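This report describes selected features of the structure displayed below. Readers may wish to keep the display in view while following the text.

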Amino acid sequence: MSSTELGLPALPAKPYPPDVERRLAADAAELIARYPHSRSALLPLLHLVQAEEGFVSATGIRFCAEQLDLTTAEVTAVATFYTMYRRRPAGEYHVGVCTNTLCAVLGGDQIFDELKQHLEIENNRTTEDGAVSIERIECNAACDYAPVVMVNWEFFDNQTPESARELVDRLRAGEEVRPTRGAKLCSFKETSRILAGFADEREGAVDESGAGGAPSLAGLRLAKGEALPGTPGAKVVSPRQEGTEA
Amino acid sequence: MTSAEPAEKLLSPVLSASWDDRRPWTLDTYRRHGGYDGLRTALTMAPDDVIALVKESGLRGRGGAGFPTGLKWQFIPQNDGKPHYLVVNADESEPGTCKDIPLLFANPHSLIEGMAIASWAIRCNHAFIYLRGEVVPVLRRLQAAVAEAYAAGFLGKDALGEGNDLDITVHAGAGAYICGEETALLDSLEGRRGQPRLRPPFPAVAGLYACPTVVNNVESIASVPPILARGKDWFKSLGTEKSPGFTLYSLSGHVTNPGQYEAPLGITLRQLLDITGGIRAGHRLKFWTPGGSSTPMFTDEHLDVPLDYEGVGAAGSMLGTKALQVFDETTCVVRAVTRWTEFYAHESCGKCTPCREGTYWLVQLLKRIEAGQGVPGDLEKLLDIADNINGKSFCALGDGAASPIVSSLQHFRAEYEQHINEHRCPFDPAASTVWADRASVHESATEREVHA
Ligand SMILES: Cc1cc2nc3c(=O)[nH]c(=O)nc-3n(C[C@H](O)[C@H](O)[C@H](O)COP(=O)(O)O)c2cc1C
Ligand code: SF4
Ligand code: FES
């Protein structure tokens with residue numbers, strides 16, 4: 001039982017070990033320097049401590065407070081407002097299934113239900129091996145690729161229950177998995193470091209997966225005289241050339 | 001019915017014109033397409049002249065409200081001795097909205113160039129991009145593009161001329177729809193909970209760090225470079241008189257070809273469906289949103305409404321973000337509205353009572369109706385609560401929450417009543433999935449593009 005349950009004030013959190021503290025403080029200084037006012041670096045710092053531990057711990061909150069000269073209460077108030085900051089460790093791969101209306105109707109609800117069953121875990125929980133956590137997420141600005149699944153916030157577009165099950169199986173088996181839009185997956189912690197504001201140093205990561213899938217390019221192709229799939233073609237499909245009349 | 005106009009005539013790729021080129025997210029490709037020419041032009045002009053040009057072009061904000069962009073810039077006080085800030089709203093989280101994310105993924109430099117031009121105009125030396133956090137591929141490209149722009153001298157020391165620096169900070173949010181509301185965004189960017197501020201003072205007077213601040217949507221800012229490069233008359237030659245220019249329409253849902261369609265303002269959904277293969281095979285349109293879930297829904301009666309600010313407004317909705325979410329006859333409207341309402345309840349920031357409490361109670365009622373346990377009087381109660389939220393909340397999230405309820409009850413009241421009278425939902429959710437008609441579903445939906 002924790003001390004709060006006994007009605008006692010919580011003990012101050014332990015700090016990070018000195019070497020971790022030093023390393024993170026250097027990162028924090030770099031982030032803080034990007035803003036005219038230090039407090040603006042709070043969201044990045046919360047991503048940073050999440051990159052260290054996989055969630056925002058009491059130690060992480062204490063660290064942020066010290067770097068920015070805030071109270072832990074002030075930092076906690078902010079950390080609990082935003083859904084991306086986790087209060088318990090995420091899996092190595094955090095799987096978000098969009099169940100906002102459009103994706104849900106197009107199949108996201110079924111995908112989420114089947115994943116839950118397949119992994120035998122509930123929403124916002126992690127598999128016992130620590131490999132995969134799942135979460136119902138809100139619209140992720142990819143409705144033209146519905147139903148959408150995110151893994152460590154990279155896009156897995158146009159999913160089906162089968163493809164999503166296969167995806168998590170491969171993640172658990174430690175196989176290399178590539179998103180439809182985004183770079184080869186890195187761990188949830190490494191992803192959080194990018195979110196904190198540090199560039200992905202992996203060779204070629206920025207260039208992976210092209211400019212977007214068919215939905216992103218549909219309008220441009222049509223405007224260039226290409227016929228879209230499933231349309232009665234008055235036009236000939238002519239990839240990347242000026243339109244050719246049939 | 002087929003459109004009289006061929007597709008090429010109805011569409012006008014500008015922002016999306018380079019997306020099928022080789023690595024369009026790089027500076028090299030962007031420059032090959034005339035990138036940063038607009039900035040060069042802007043820097044030869046006086047800042048006030050740039051503002052005047054953008055104002056005269058008629059460009060209106062693409063973030064939802066359609067406020068004239070040049071006018072917003074003009075509100076920034078000059079010679080006030082305070083720093084000025086430009087903050088780009090890349091929080092894109094309104095359900096259905098999916099234009100800024102593909103734009104930034106394919107062509108982040110169009111935003112950066114626009115930011116440099118806007119910064120010159122409003123005398124800003126430090127600009128910010130507030131990107132929603134859940135889109136790491138886009139964050140990666142933005143970080144890389146900003147670094148490229150620094151290396152090329154478009155950003156950094158003396159970027160806007162001798163002694164006139166420009167810095168851009170890319171800032172990732174952490175999951176909160178309300179942070180798309182511009183004043184909540186500013187609080188969030190200051191390292192606080194994202195809750196809206198009382199207005200006035202407006203951000204133009206007291207925004208980020210209580211300094212004059214322009215908050216603009218990604219697409220608004222990205223639309224500025226072509227105006228500088230090609231002129232306001234070209235811009236005004238597209239679209240309608242009061243809604244000039246081009247814009248990204250995002251088609252999603254039960255359609256043959258979902259995607260981004262850049263067209264002059266004023267195109268209709270009928271025209272878009274005609275040229276893109278229509279509703280998915282064997283089905284018909286039931287309801288759609290013109291600009292995201294917060295805009296009152298339309299039905300097949302509204303297929304010919306011109307999708308510009310005035311046209312959609314006159315028909316009783318809002319152009320919003322031009323997020324055309326299309327649902328066919330297999331979709332239960334009660335289910336759709338329930339899910340959207342759960343979204344608003346989840347995302348309500350809790351600052352004001354009508355929204356915080358009202359969205360909670362709406363969800364309770366809707367879930368009960370959807371489950372077939374509604375009782376007579378529930379629909380009146382829904383409308384009553386929606387009425388107590390709409391126009392009585394602190395920010396527009398509350399109004400948005402009321403929209404799907406009121407509009408769906410207006411168009412589909414009988415369907416709600418059917419749920420109550422038959423004590424069940426008459427729809428089969430399996431029929432609405434993309435794999436329901438697998439045999440007739442086209443491969444295109446899962447096709448992947450790779451540009452080496
Ligand atoms: C709840 C809520 C969410 C919003 N989300 C966004 C958003 O994600 N992106 C955006 O550009 N504007 C959003 N807006 C609108 C902004 O408040 C603001 O009007 C807009 O960023 C101004 O830019 P513009 O003039 O270029 O359109 C939102 C508004 C509300 C009330
Ligand atoms: S309307 Fe909702 S989101 Fe807006 S201030 Fe009130 S509680 Fe917060
Ligand atoms: S509803 Fe799923 S991405 Fe928009």
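## Basis of the report

The structure is a predicted model.

## Surroundings of ligand 1

Ligand 1 is surrounded by 22 residues, and the closest among these are Gly61(B), Gly63(B), Gly180(B), Asn217(B) and Ser220(B). Two elements of chain B, strand β4 (213-217) and helix α18 (396-422), each contribute at least two residues to this shell. The largest share, three residues, belongs to β4(B).

By class, the shell around ligand 1 comprises seven nonpolar, nine polar and six charged residues.

## Contact between chains A and B

In the contact between the two chains, 76 residues of chain A meet 86 residues of chain B. On the side of chain A that touches chain B, at least two residues come from each of α2 (42-53), α4 (72-79), α5 (101-119), β4 (154-156), α7 (188-196) and α8 (214-223). Helix α8(A) supplies the largest share of that side, with nine residues. The classes represented on this side of chain A are 41 nonpolar, 25 polar and ten charged residues.

## Helix α9 of chain B

Helix α9(B), spanning residues 182-189, is mostly covered, with seven of its eight residues buried. The buried residues are Glu182(B), Thr183(B), Ala184(B), Leu185(B), Leu186(B), Ser188(B) and Leu189(B).

The cover over these buried residues includes elements of both chains: α2 of chain A, together with β1 (85-90), β2 (126-131), β3 (167-172) and β4 of chain B. Helix α2(A) also supplies at least two residues of the side of chain A that touches chain B. Just after α9(B), Gly191(B) adopts a positive phi of about 85°.

## Strand pair in chain A

In chain A, strands β1 (residues 93-98) and β2 (residues 132-137) pair in the parallel sense over six bridges. Within this pairing, Val97(A) stands opposite Arg136(A) of β2(A).

Together with α5(A), the strands β1(A) and β2(A) form a right-handed β-α-β unit. Helix α5(A) is also among the elements that each supply at least two residues of the side of chain A that touches chain B.

Definitions and conventions:
Residues are numbered from 1 along each chain as its sequence is written. Chains are lettered from A and ligands numbered from 1 in the order in which they are written. This is a predicted model: local features need pLDDT of at least 70, side-chain atom pairs count only at pLDDT 80 or more; totals for chains, interfaces and linings use all residues. A residue is near a molecule or strand if its C-beta atom, placed from the backbone, lies within 6 Å of it. Helices (H or I, at least four residues) and strands (E, at least two) are DSSP runs, numbered from the N terminus. Ala, Val, Leu, Ile, Met, Phe, Trp, Tyr, Cys and Pro count as nonpolar, Asp, Glu, Lys and Arg as charged, and the others, Gly among them, as polar. Two residues are in contact if their C-beta atoms, placed from the backbone, lie within 7 Å. A residue is buried if 20 or more other C-beta atoms lie within 10 Å of its own, exposed if 12 or fewer, and partly exposed in between; C-beta atoms are placed from the backbone. Two strands pair if DSSP finds at least two bridges between them. A crossover is right-handed if, with the strands pointing away from the viewer, the path from the first strand over the helix to the second runs clockwise.
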